[in-house]
Amino acid sequence: DGAEAFRRALAIARDAHALDVAARATMHLGVLELRRGDFGAAHDACRDALRLYTTLRNNTNRLAALYNLANVERERGDAEAALALYLETAALAGQLGVADISIGAHAGAGLSALRLDDLAGARASLELAERALGGRTDWWFQGRELLESLVVRLAAHDGRARVARRRFHSAIARLELMDAYAAAWMVADCAASLAEGDDGIWRVVERYTPQVVERELVPLAARFTALRDLAERPTGGRNQIPPSVLSRLATPSTAR
């Protein structure tokens, strides 16, 4: 219903030549389509928003559109395109002094690098994200789940399982108070890397599965289905899954 409302708003705004309203509507539509799993529609909407904000010379909102487009590419499995867009986003965020998006973009670049098996690139991106984070005292910002996921997955890869699990559980507890979608996304992104020897991870997966199904978050529902299938395998089978496969486990079936 929300997506349909934004489509109607977009049509009215175009007829009225209200470019600023059209840009806002199409950017919100892109985010909703991403969560619904229509990656083609999400990509087109974010591209349209980027074009409109460029025409309007609104660099702040152009930055947001660019960041959303990078998220779309990451979620649909095009890690190379996502990495390029995150780097462009981080550069623009640095120019504009928008710290939140700068942190999220560096973290997104790190996750994209992990998807490409580029550990050095992932670590470099984490360093840049933490540098942008600085000494801020407010824990929440848009993209916090990307930073937390990157930290957790690198710690797990380095064999620091206890540190990774502690960071995971702490982040999920805080995220679910602020953004249920962000919390569910982080569970989907990290659970497979942490589950060995920790039944608590599977309990978190079970707790979130009904939520993503009921809210029709199709890509996340697919990821949780894959995780539940993994949970049903013998423990020895889980232990033998290499890190490169774990990083791809949650990629939606419609990914390129």
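Guide: A helix here is a DSSP run of H or I with at least four residues, and helices are numbered from the N terminus. The model is a predicted one, and in it Ala65 has its place in helix H4.

Visitor: Why is Ala65 called buried?

Guide: A residue counts as buried when its relative accessible area is under 20%. Ala65 has a relative accessible area of 0%, so it is buried. Not counting residues up to four places away in sequence, Ala65 touches Met27, Cys46, Ala49, Leu50 and Tyr53. Its C-alpha atom is also separated by 9.5 Å from that of His28, 37 residues apart along the chain.

Visitor: Asn68 is found in helix H4 as well. What makes Asn68 count as buried or exposed?

Guide: The cut-off for buried is under 20%, and the relative accessibility of Asn68 is 11%, so Asn68 counts as buried. With neighbours within four places in sequence left aside, its contacts are Met27, Val31 and Cys46.

Visitor: Which term describes the direction of H4 relative to H5, and how do you know?

Guide: Two packed helices are described by the angle between their axes and the distance between the axes. The axes of H4 and H5 come within 8 Å and cross at roughly 160 degrees. Angles over 145 degrees count as roughly antiparallel, and H4 is therefore roughly antiparallel to H5. On the H4 side the contact includes Leu63, Leu66, Tyr67 and Ala70, and on the H5 side it includes Leu85, Tyr86, Thr89 and Leu92. The crossing in which H4 passes H5 is left-handed.

Visitor: What makes H6 largely enclosed by the rest of the structure?

Guide: Of the 17 residues of H6, 14 are buried, so the helix is largely enclosed by the rest of the structure. H6 reaches 24 Å from its first C-alpha to its last, close to the 24 Å expected. Just after H6, Asp117 takes a positive phi of about 60 degrees.

Visitor: Why are H7 and H8 given the term they have for their relative direction?

Guide: Helix H7 (residues 119-133) and H8 pack at an angle of about 135 degrees, with axes 11 Å apart. Roughly antiparallel requires an angle over 145 degrees, and roughly perpendicular covers 65 to 115. H7 and H8 are therefore oblique to each other. The handedness of their crossing is left-handed. Leu126, Ala129 and Leu133 are among the H7 residues in this contact, while Leu147, Leu150 and Leu154 are among those of H8.

Visitor: Ser149 lies in helix H8. How do you know whether Ser149 is buried or exposed?

Guide: With buried set at under 20%, the 0% relative accessible area of Ser149 makes it buried. Apart from neighbours within four places in sequence, Ser149 is in contact with Leu111, Trp185, Met186, Asp189 and Cys190. Met186, in turn, touches residues including Ser149, Val152, Phe168 and Ile172.

Visitor: Which residues have the most contacts inside the largest nonpolar core?

Guide: They are Tyr86, Leu147, Phe168, Met186, Val187, Tyr208 and Leu220, in a core of 79 residues. Helix H10 (residues 180-194) gives this core its largest share, 12 residues.

Visitor: How do you know whether Arg57 counts as buried or exposed?

Guide: Its relative accessibility is 75%, and Arg57 therefore counts as exposed. Arg57 lies in the loop between helix H3 (39-56) and H4, and its phi is positive, near 55 degrees, in a residue other than glycine.

Note on methods
Residues are numbered from 1 along each chain as its sequence is written. This is a predicted model: local features need pLDDT of at least 70, side-chain atom pairs count only at pLDDT 80 or more; totals for chains, interfaces and linings use all residues. Side-chain values use heavy atoms; hydrogens and water are left out. A nonpolar core is a set of buried Ala, Val, Leu, Ile, Met, Phe, Trp, Tyr and Cys residues joined through side-chain atoms within 4.5 Å. Buried means under 20% relative accessible area, exposed over 50%, partly exposed in between (1.4 Å probe, protein chains only). Helices (H or I, at least four residues) and strands (E, at least two) are DSSP runs, numbered from the N terminus. Contact means heavy atoms within 4.5 Å. Axes are lines fitted to C-alpha atoms, for helices over the stretch in contact, and angles run from 0 to 180 degrees between N-to-C directions. Angles under 35 degrees count as roughly parallel, over 145 as roughly antiparallel, 65 to 115 as roughly perpendicular and the rest as oblique. A crossing is left-handed if the near helix is turned anticlockwise from the far one by less than a right angle, and right-handed if clockwise. The expected span of a helix is 1.5 Å times one less than its number of residues.
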